[in-house]
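Trainee: Can we go through this structure together? I'd like to start with the terms.

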Amino acid sequence: MQTIQSYQLKIDKSVDEADLQKGVFLTILHATRTPPHIGLIIDKQYHSLTIKGAELNVATATLVRTIHQRKIPSLFIQLKPHPTFSAAYLKEHFILNVEQFPKVDVDVATCLSPIKLFLEETYMLSLKQINYLYELVPFLDDAKLIQSISALYIDESTFKLPVYNLSELNNGIAKAHQEATQIKNATKNHELKK
(Lines give C-alpha, C1' and ligand atoms only; values in the text may rest on other atoms or scores of the structure.)
Protein backbone atom coordinates (compact mmCIF):
# COMPACT_ATOMS: atom_id res chain seq x y z
CA MET A 1 0.00 0.00 0.00
CA GLN A 2 1.37 3.40 -0.91
CA THR A 3 2.22 5.98 1.74
CA ILE A 4 -0.39 8.71 2.01
CA GLN A 5 0.96 12.19 2.64
CA SER A 6 -2.42 13.81 3.17
CA TYR A 7 -5.97 13.53 1.95
CA GLN A 8 -7.99 16.65 1.26
CA LEU A 9 -11.70 16.79 1.88
CA LYS A 10 -13.87 19.36 0.17
CA ILE A 11 -16.32 20.65 2.74
CA ASP A 12 -19.72 21.33 1.22
CA LYS A 13 -21.21 23.39 4.06
CA SER A 14 -21.41 24.14 7.74
CA VAL A 15 -23.73 21.68 9.45
CA ASP A 16 -26.62 22.24 11.80
CA GLU A 17 -28.57 19.74 13.87
CA ALA A 18 -31.38 19.45 11.30
CA ASP A 19 -28.87 18.21 8.68
CA LEU A 20 -27.99 15.24 10.90
CA GLN A 21 -31.50 13.90 11.39
CA LYS A 22 -31.55 11.53 8.42
CA GLY A 23 -28.79 9.29 7.15
CA VAL A 24 -25.52 7.70 8.20
CA PHE A 25 -22.65 10.06 9.05
CA LEU A 26 -19.05 9.15 9.72
CA THR A 27 -18.47 11.68 12.50
CA ILE A 28 -14.95 12.96 13.13
CA LEU A 29 -14.54 14.81 16.42
CA HIS A 30 -11.38 16.79 17.24
CA ALA A 31 -10.66 16.57 13.52
CA THR A 32 -7.46 18.62 13.83
CA ARG A 33 -6.03 16.37 16.57
CA THR A 34 -3.70 13.46 15.87
CA PRO A 35 -5.43 11.04 16.03
CA PRO A 36 -8.99 12.36 15.81
CA HIS A 37 -11.95 10.49 17.36
CA ILE A 38 -14.56 8.88 15.11
CA GLY A 39 -18.03 7.47 15.52
CA LEU A 40 -21.24 7.18 13.53
CA ILE A 41 -24.49 9.08 13.58
CA ILE A 42 -27.29 6.80 12.46
CA ASP A 43 -31.00 7.45 12.77
CA LYS A 44 -30.57 10.69 14.78
CA GLN A 45 -28.17 9.18 17.33
CA TYR A 46 -24.40 9.13 17.80
CA HIS A 47 -22.47 5.98 18.73
CA SER A 48 -18.76 5.34 19.23
CA LEU A 49 -16.18 3.26 21.04
CA THR A 50 -14.16 5.28 23.57
CA ILE A 51 -11.51 4.66 26.21
CA LYS A 52 -14.36 4.23 28.70
CA GLY A 53 -16.21 1.73 26.48
CA ALA A 54 -19.32 1.98 24.33
CA GLU A 55 -20.93 5.41 23.95
CA LEU A 56 -24.37 4.64 22.54
CA ASN A 57 -27.62 6.40 21.63
CA VAL A 58 -26.43 9.98 22.19
CA ALA A 59 -29.01 12.33 20.67
CA THR A 60 -27.60 14.45 17.85
CA ALA A 61 -28.90 17.54 19.69
CA THR A 62 -26.70 16.64 22.66
CA LEU A 63 -23.68 15.98 20.44
CA VAL A 64 -24.09 19.24 18.51
CA ARG A 65 -24.59 21.21 21.76
CA THR A 66 -21.34 19.72 23.17
CA ILE A 67 -19.48 20.55 19.94
CA HIS A 68 -20.68 24.17 20.16
CA GLN A 69 -19.92 24.50 23.89
CA ARG A 70 -16.37 23.21 23.46
CA LYS A 71 -15.85 24.54 19.91
CA ILE A 72 -14.69 21.09 18.78
CA PRO A 73 -13.49 20.97 15.15
CA SER A 74 -15.79 18.32 13.66
CA LEU A 75 -16.49 16.75 10.29
CA PHE A 76 -19.60 14.90 9.20
CA ILE A 77 -19.21 12.64 6.18
CA GLN A 78 -22.65 11.54 5.02
CA LEU A 79 -22.72 8.15 3.35
CA LYS A 80 -25.08 7.52 0.47
CA PRO A 81 -28.31 5.81 1.54
CA HIS A 82 -27.99 2.07 1.95
CA PRO A 83 -29.74 0.29 -0.95
CA THR A 84 -31.29 -2.39 1.25
CA PHE A 85 -31.22 -1.73 5.00
CA SER A 86 -33.31 0.78 6.96
CA ALA A 87 -31.73 3.35 9.26
CA ALA A 88 -33.19 1.54 12.29
CA TYR A 89 -31.57 -1.73 11.20
CA LEU A 90 -28.22 -0.03 10.53
CA LYS A 91 -28.29 1.62 13.95
CA GLU A 92 -28.98 -1.64 15.78
CA HIS A 93 -26.30 -3.40 13.73
CA PHE A 94 -23.68 -0.76 14.56
CA ILE A 95 -24.55 -0.88 18.27
CA LEU A 96 -23.86 -4.62 18.17
CA ASN A 97 -20.54 -3.89 16.42
CA VAL A 98 -19.52 -1.37 19.10
CA GLU A 99 -20.47 -3.79 21.88
CA GLN A 100 -18.08 -6.42 20.47
CA PHE A 101 -15.14 -4.37 21.83
CA PRO A 102 -14.53 -3.66 25.53
CA LYS A 103 -13.02 -0.19 24.98
CA VAL A 104 -10.38 1.71 23.04
CA ASP A 105 -6.99 0.60 24.29
CA VAL A 106 -3.52 -0.12 22.91
CA ASP A 107 -3.45 -3.52 21.19
CA VAL A 108 -7.19 -4.02 21.91
CA ALA A 109 -9.25 -1.74 19.67
CA THR A 110 -9.44 1.76 18.26
CA CYS A 111 -12.52 3.87 17.64
CA LEU A 112 -12.20 2.75 14.00
CA SER A 113 -12.53 -0.97 14.91
CA PRO A 114 -16.36 -1.16 15.15
CA ILE A 115 -16.76 1.18 12.14
CA LYS A 116 -14.65 -1.12 9.97
CA LEU A 117 -16.67 -4.12 11.13
CA PHE A 118 -19.94 -2.29 10.40
CA LEU A 119 -18.87 -1.21 6.90
CA GLU A 120 -17.59 -4.69 6.07
CA GLU A 121 -20.80 -6.39 7.21
CA THR A 122 -23.43 -3.94 5.97
CA TYR A 123 -21.79 -2.37 2.91
CA MET A 124 -19.83 -5.52 1.95
CA LEU A 125 -16.52 -3.63 1.81
CA SER A 126 -13.13 -5.29 2.18
CA LEU A 127 -11.26 -3.12 4.70
CA LYS A 128 -8.49 -5.46 5.84
CA GLN A 129 -5.83 -3.06 4.53
CA ILE A 130 -7.47 -0.01 6.17
CA ASN A 131 -6.03 0.87 9.58
CA TYR A 132 -6.48 4.63 9.87
CA LEU A 133 -9.12 7.26 9.20
CA TYR A 134 -6.99 8.91 6.50
CA GLU A 135 -7.05 5.56 4.64
CA LEU A 136 -10.77 4.94 5.17
CA VAL A 137 -12.09 8.23 3.79
CA PRO A 138 -10.33 8.00 0.39
CA PHE A 139 -11.47 4.37 0.19
CA LEU A 140 -15.10 5.42 0.77
CA ASP A 141 -14.67 8.20 -1.80
CA ASP A 142 -13.26 5.78 -4.40
CA ALA A 143 -16.19 3.42 -3.68
CA LYS A 144 -18.57 6.35 -4.43
CA LEU A 145 -20.17 6.06 -0.98
CA ILE A 146 -19.76 9.69 0.14
CA GLN A 147 -22.83 11.87 -0.38
CA SER A 148 -21.67 15.08 1.33
CA ILE A 149 -19.15 16.49 3.78
CA SER A 150 -20.04 19.17 6.31
CA ALA A 151 -18.22 20.66 9.26
CA LEU A 152 -18.32 22.71 12.44
CA TYR A 153 -15.40 24.86 13.67
CA ILE A 154 -13.32 24.17 10.59
CA ASP A 155 -12.80 27.33 8.57
CA GLU A 156 -11.26 25.96 5.42
CA SER A 157 -13.33 24.84 2.46
CA THR A 158 -10.79 22.04 2.03
CA PHE A 159 -9.42 20.15 4.99
CA LYS A 160 -6.43 17.81 5.17
CA LEU A 161 -7.04 14.76 7.32
CA PRO A 162 -4.29 14.24 9.89
CA VAL A 163 -1.83 11.53 8.90
CA TYR A 164 -0.41 9.46 11.75
CA ASN A 165 1.26 6.13 12.36
CA LEU A 166 0.70 3.29 14.84
CA SER A 167 3.05 4.79 17.40
CA GLU A 168 1.24 8.16 17.30
CA LEU A 169 -2.11 6.38 17.51
CA ASN A 170 -1.00 4.36 20.55
CA ASN A 171 0.46 7.49 22.18
CA GLY A 172 -2.85 9.29 21.65
CA ILE A 173 -4.76 6.40 23.24
CA ALA A 174 -2.33 6.27 26.19
CA LYS A 175 -2.60 10.04 26.67
CA ALA A 176 -6.41 9.87 26.64
CA HIS A 177 -6.30 7.11 29.28
CA GLN A 178 -3.93 9.20 31.39
CA GLU A 179 -6.16 12.29 31.15
CA ALA A 180 -9.25 10.24 32.06
CA THR A 181 -7.46 8.82 35.11
CA GLN A 182 -6.38 12.30 36.22
CA ILE A 183 -9.95 13.60 35.90
CA LYS A 184 -11.31 10.58 37.78
CA ASN A 185 -8.76 11.05 40.60
CA ALA A 186 -9.42 14.78 40.81
CA THR A 187 -13.16 14.14 41.05
CA LYS A 188 -12.61 11.46 43.69
CA ASN A 189 -10.36 13.81 45.75
CA HIS A 190 -12.93 16.60 45.47
CA GLU A 191 -15.67 14.27 46.72
CA LEU A 192 -13.52 13.14 49.66
CA LYS A 193 -12.95 16.76 50.73
CA LYS A 194 -16.68 17.44 50.97
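Mentor: A polar contact here is a pair of N or O atoms within 3.5 Å; within protein, one must be able to donate a hydrogen and the other to accept it. Keep in mind that this is a predicted model.

Trainee: OK. Which backbone oxygen lies 3.5 Å from a polar atom of the side chain of Ser14?

Mentor: The backbone oxygen of Ala151.

Trainee: And where is Ser14 found?

Mentor: Ser14 is in strand β2. Not counting residues up to four places away in sequence, Ser14 touches Asp19, Ser150, Ala151 and Leu152.

Trainee: Is Ser14 buried or exposed?

Mentor: Exposed, with a relative accessible area of 54%. The cut-off for exposed is over 50%.

Trainee: What's the strand order in the open sheet?

Mentor: The sheet has seven strands with mixed pairing, in the order β2-β8-β7-β3-β4-β5-β6. The edges are β2 (13-14) and β6 (53-59); each has a single partner strand, so one side of each is left without a neighbour in the sheet.

Trainee: Which helix packs on the sheet?

Mentor: Helix α3, residues 113-122, packs on it and touches β3, β4, β5 and β7. The direction of α3 makes about 45° with that of β4.

Trainee: How many bridges join β4 to β5?

Mentor: Three, and the two strands run antiparallel. His47 in β5 is the bridge partner of Leu40.

Trainee: Let's stay with His47. Buried or exposed?

Mentor: His47 counts as buried because its relative accessibility is 0%.

Trainee: What lies by the polar atoms of the His47 side chain?

Mentor: Two backbone atoms. The backbone oxygen of Gln45 lies 3.3 Å from a polar atom of that side chain, and the backbone nitrogen of Asn57 lies 3.0 Å from a polar atom of it.

Trainee: Which residues is His47 in contact with, leaving aside neighbours within four places in sequence?

Mentor: Gly39, Leu40, Ile42, Glu55, Leu56, Asn57, Lys91, Phe94 and Ile95.

Trainee: Phe94, then. What aromatic pair does Phe94 form?

Mentor: The search of the whole structure finds six aromatic pairs. In one of them, Phe94 and Phe118 are edge-to-face, 5.3 Å centre to centre with 75° between the planes. Phe94 lies in helix α2 and Phe118 in helix α3, so the pair ties together parts that are 24 residues apart in sequence.

Trainee: New topic: how many residues has the largest nonpolar core?

Mentor: It has 47, and Leu75, Leu119 and Leu161 have the most contacts inside it. The elements giving two or more residues to this core include β3, β4, β7, α2 and α3. Its largest share, five residues, comes from α4.

Trainee: What does Leu119 contact, leaving aside neighbours within four places in sequence?

Mentor: Leu79, Met124, Leu125, Leu127, Leu136 and Leu140.

Definitions and conventions. Residues are numbered from 1 along each chain as its sequence is written. This is a predicted model: local features need pLDDT of at least 70, side-chain atom pairs count only at pLDDT 80 or more; totals for chains, interfaces and linings use all residues. Side-chain values use heavy atoms; hydrogens and water are left out. Buried means under 20% relative accessible area, exposed over 50%, partly exposed in between (1.4 Å probe, protein chains only). Contact means heavy atoms within 4.5 Å. Two strands pair if DSSP finds at least two bridges between them. Helices (H or I, at least four residues) and strands (E, at least two) are DSSP runs, numbered from the N terminus. Axes are lines fitted to C-alpha atoms, for helices over the stretch in contact, and angles run from 0 to 180 degrees between N-to-C directions. A nonpolar core is a set of buried Ala, Val, Leu, Ile, Met, Phe, Trp, Tyr and Cys residues joined through side-chain atoms within 4.5 Å. Rings of Phe, Tyr and Trp (its six-membered ring) pair if their centres lie within 6.5 Å; planes under 30 degrees apart count as stacked, over 60 as edge-to-face and the rest as tilted.
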